[in-house]
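Okay, thanks for coming, everyone. Let me put the model up and we'll walk through it together.

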Amino acid sequence: NLVTGSCILHITMANQAAKKRKEKNEQEVAKLQKVIIVVNILFVLYRVLYHWSSFRIWHWFGLAITSAAYYFAYFTISSSAKSTVDGTGDLIDGGADLSGGGLIEYYFDLIYITIFVQAGSMVSDYFWLVYLVVPAFAGYKLWTAVLAPGMEAKEQALKDSASKGDKEDKDAKKKKEKAEKKTARPKIKYVKH
């Protein structure tokens, strides 16, 4: 009975944590959705309708880029935040911890940068340049996490093989010197009478 009670207590505590995470995730996703909708409505009302005369093809392109960034990042975050229930409707998992960092953190950053760029571009078109931070940071992460370590490993392998080759060259040189000394010695043959 004591073991069974302990198991039930553990499962109940785990379900409480999952419920809390589910509620927190739902709040965070709803907050993101509201902010994205508000910024898009303001952009369309102010930049598209009010300043239609200065709205060019590049602005349409920018709106398409921001919309794609919003969709991609929001869809990934909301998919990660989804909870899992069993056949009876009991909560199994409250979804990923959105405050846990990792890749989800980059999606939040993408949404925040997009909000900043879209809101700022209502004032000045130069705010679109801030979006260059995204590919610059992606390139930096690609370099530091994938390319540079691979190149360093290749260089280390080359150094290791070169030092091994140097050792073999030294051994071969010693053998050659020894052979030369041996051949350079006068050959004396002793004969018994």
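So, what share of the contacts with a separation of 6 or more in the protein chain comes from residues 24 or more positions apart? The answer is 65%, with contact meaning heavy atoms within 4.5 Å.

Quick housekeeping: this is a predicted model, where local features need pLDDT of at least 70 and side-chain atom pairs count only at pLDDT 80 or more, while totals for chains, interfaces and linings use all residues. Residues are numbered from 1 along each chain as its sequence is written, and side-chain values use heavy atoms, with hydrogens and water left out.

The layout along the sequence reads α-α-β-β-α-α, so to speak in DSSP runs: helices are H or I, at least four residues, and strands are E, at least two, numbered from the N terminus.

Now the helix pair. Helix 2 (residues 57-81) packs on helix 3 (residues 103-120) at about 150°, axes 9 Å apart; axes are lines fitted to C-alpha atoms over the stretch in contact, and angles run from 0 to 180 degrees between N-to-C directions. That makes the two helices roughly antiparallel, the word for angles over 145 degrees.

Next, the core. The largest nonpolar core has 24 residues, and Phe-43, Ile-77, Leu-98, Phe-108 and Ile-111 touch the most other members. Core members are buried Ala, Val, Leu, Ile, Met, Phe, Trp, Tyr and Cys joined through side-chain atoms within 4.5 Å, buried being under 20% relative accessible area with a 1.4 Å probe, protein chains only. Helix 3 gives the largest share, 7 residues.

Definitions and conventions
Angles under 35 degrees count as roughly parallel, over 145 as roughly antiparallel, 65 to 115 as roughly perpendicular and the rest as oblique. Buried means under 20% relative accessible area, exposed over 50%, partly exposed in between (1.4 Å probe, protein chains only).
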